[in-house]
Amino acid sequence: MTKHFIFDMDGVLVDSEPMHQQIIYEVFEQLGIPFSKEYIERDLTGMSAVPMWEKVKQDAKRTESANELLTFHREYFYKRFEQIEVNEIEGVKYVLQKLKDKGFLLSLASSSSRKLIDYFIKKVEIAHFFDVIMSGDDVQYSKPFPDIFLKVAEAYNIDAQYFWVLEDSKNGVQAAKSAGMHCIGFKNPNSGVQDLSKSDIIIEKMSEFTDDFITKIKLNGKIKQKAVIYTL
């Protein structure tokens, strides 16, 4: 019986994807990188900073190192992000409390930095719900690689097949399924057009977490798919 549930942060707990996308677009403009917001939504959503800038460097054929591009991004980001309003996803506190009441152990696994995770979960007052928190700082390979989810399973010493994951991006869904976990795709319109088709279930609102829905996912606690470990 499944009693473990992992939440992504951006676009699942807090509606922060538009903020990230806007800041990345502004950085592109400042650096003269001619990529659109559609490129950011389609190809970069759900990735942590280092692999994201490695991809941008390759796609844009930049001469700077990925670390140099990342340093510029981080400096700009921390000057800018508090100027953009970010709120919790509607109904997410209700879902967190409901899952807790049903006996689930809750974790957070986000490609964002630990500094940013701590800022947002304190801002929207949800830090106390999570037993385990993993950030992009904790793994070498970001989503769509499964490493961050496997780290959560390792922290509990529980096989990955006994976890459900809630994700809003193609990269996140791919990571969860590659880890051998169940995945619910959350269709957040602010996360852009995301291919969530590999999810086991797709929802559009947090209100879909009814008692019956939670009971069904709790009973469906084992799948046969094994983790797929990727290397670059």
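Predicted model: local features only at pLDDT ≥ 70, side-chain atom pairs only at ≥ 80, totals over all residues.
Figure 1. Met19, His20, Ile23, Ile24, Glu26, Val27, Gln30 and Leu31 of helix 1 meet Leu69, Phe72, His73, Tyr76, Phe77 and Arg80 of helix 4. By residue class, this contact divides into 9 nonpolar, 3 polar and 2 charged. The axes of helix 1 and helix 4 are 10 Å apart, and the two helices pack at an angle of about 125°. Helix 1 and helix 4 are therefore oblique to each other. The crossing in which helix 1 passes helix 4 is right-handed.

**Figure 2. Contact of helix 1 with helix 3.** Helix 1 spans residues 17-31 and helix 3 spans residues 49-60. Their axes lie 14 Å apart, at a packing angle of about 40°. That angle makes helix 1 oblique to helix 3. Helix 1 passes helix 3 in a crossing that is right-handed. On the side of helix 1, the contact is made by Ile24, Val27, Phe28 and Leu31; on the side of helix 3, by Met52, Trp53 and Val56. The residues of this contact comprise 7 nonpolar, no polar and no charged. Ile24, Val27 and Leu31 of helix 1 take part here, and these three residues also meet helix 4.

**Figure 3. The largest pocket and its lining.** The space in this pocket is about 580 Å³. Its lining is made up of 33 residues, and those that lie nearest the centre of the pocket are Met47, Ser48, Ala49, Ser111 and Ser112. Helix 1, helix 2 (37-44), helix 3 and helix 4 (66-80) are the elements that give two or more residues to the lining. The lining residues of the largest pocket divide by class into 12 nonpolar, 13 polar and 8 charged.

**Figure 4. Lys61, a residue with positive phi.** Lys61 belongs to the loop between helix 3 and helix 4. Its phi is about 55°, a positive value, although Lys61 is not a glycine.

**Figure 5. The cis peptide bond between Lys143 and Pro144.** The bond that joins Lys143 and Pro144 is cis, with an omega of about 20°. Pro144 is placed in the loop that runs between strand 3 (132-134) and helix 7 (147-156).

Notes: Residues numbered from 1 in each chain as written. Heavy atoms only, no water. Axes fitted to C-alpha atoms, helices over the stretch in contact; angles between N-to-C directions. Helix = DSSP H or I, 4+ residues; strand = E, 2+ residues; numbered from the N terminus. Parallel < 35°, antiparallel > 145°, perpendicular 65-115°, else oblique. Left-handed = near helix turned anticlockwise from the far one by under 90°. Contact = heavy atoms within 4.5 Å. Nonpolar A, V, L, I, M, F, W, Y, C, P; charged D, E, K, R; others polar. 1 Å grid on protein atoms, 1.4 Å probe; cavity = no way out; pocket = protein on both sides within 12 Å on 5 of 7 lines; lining within 4 Å. Points joined across faces, edges and corners; volume = space filled by probe spheres on them.
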